[in-house]
Amino acid sequence: MIEIKCKHCCKNLFPNEDVTLLTSHNTNKSDIEHTGCGPNFVEHFVYMSTENVPTWIQEIIDQTSWIKGRLNCPFCNTRIGSFNLVVDTKCSCGTCIVPPIKLIQSKLDILNESNKKHYTYCQTRIAR
Ligand SMILES: [Zn+2]
Ligand SMILES: [Zn+2]
């Protein structure tokens with residue numbers, strides 16, 4: 001299972017939810033290094049579809065009447081992404097329409113079983 005933490009406050013953003021992250025090509029981003037537009041392409045976002053949306057994101061989407069808006073960390077309010085349910089956006093290589101909810105990768109620590117053990121940044125901050 002993937003854990004997604006806010007880089008700013010180190011809190012787990014989706015503590016009790018099974019979150020599915022997608023690439024810009026709508027494929028399951030189970031391998032964190034996998035990118036949508038090709039192996040040499042640096043992807044700045046991870047995506048989610050509107051099926052299975054985590055609770056607090058769903059609430060924000062409902063508040064905007066399903067149009068578009070920003071997603072901020074529910075703990076520290078840092079901007080971590082956005083969503084747009086009205087305009088289709090193409091991926092960087094132009095072959096796909098990206099999923100409507102996007103999160104900024106540089107604002108997050110995305111942990112899976114293989115990189116979790118190398119992960120020390122937030123743990124050391126909490127320990128201090
Ligand atoms: Zn935060
Ligand atoms: Zn592409």
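Here are a few friendly notes on this predicted model, moving from the overall layout to single residues.

1. Start with the overall plan. The protein contains six strands and three helices.

2. Next, a word on how the chain is arranged as a whole. Of the 128 residues in the protein, 23% are buried. Among contacts with a separation of 6 or more, 54% are between residues 24 or more positions apart.

3. Strand β4 covers residues 79–84 and runs antiparallel to β3, with five bridges joining the two. To find your bearings here, look for Lys68, which stands opposite Asn84 in β4.

4. Asn84 also leads us to Ile101. The C-alpha atoms of Ile101 and Asn84 are separated by 6.6 Å, while the two residues are 17 apart along the chain. Ile101 belongs to strand β5, which spans residues 101–104.

5. Is Ile101 buried or exposed? Ile101 counts as buried because it has 23 C-beta neighbours inside 10 Å, and the cut-off for buried is 20 or more. Beyond its neighbours within four places in sequence, Ile101 is in contact with Tyr47, Met48, Thr50, Val53, Ile57 and Phe83.

6. Now turn to the loop between α1 (55–63) and β3, where Ser65 has its place. The phi of Ser65 is near 55 degrees, a positive value in a residue other than glycine. That deserves a second look, because most residues other than glycine have a negative phi. Ser65 is exposed, since 8 other C-beta atoms lie within 10 Å.

7. Trp66 is found in the loop between α1 and β3. Trp66 is not a glycine, yet its phi is positive, at about 60 degrees. How many other C-beta atoms does Trp66 have within 10 Å? There are 13, so Trp66 is partly exposed.

How values were computed. Residues are numbered from 1 along each chain as its sequence is written. Chains are lettered from A and ligands numbered from 1 in the order in which they are written. This is a predicted model: local features need pLDDT of at least 70, side-chain atom pairs count only at pLDDT 80 or more; totals for chains, interfaces and linings use all residues. Helices (H or I, at least four residues) and strands (E, at least two) are DSSP runs, numbered from the N terminus. A residue is buried if 20 or more other C-beta atoms lie within 10 Å of its own, exposed if 12 or fewer, and partly exposed in between; C-beta atoms are placed from the backbone. Two residues are in contact if their C-beta atoms, placed from the backbone, lie within 7 Å. Two strands pair if DSSP finds at least two bridges between them.
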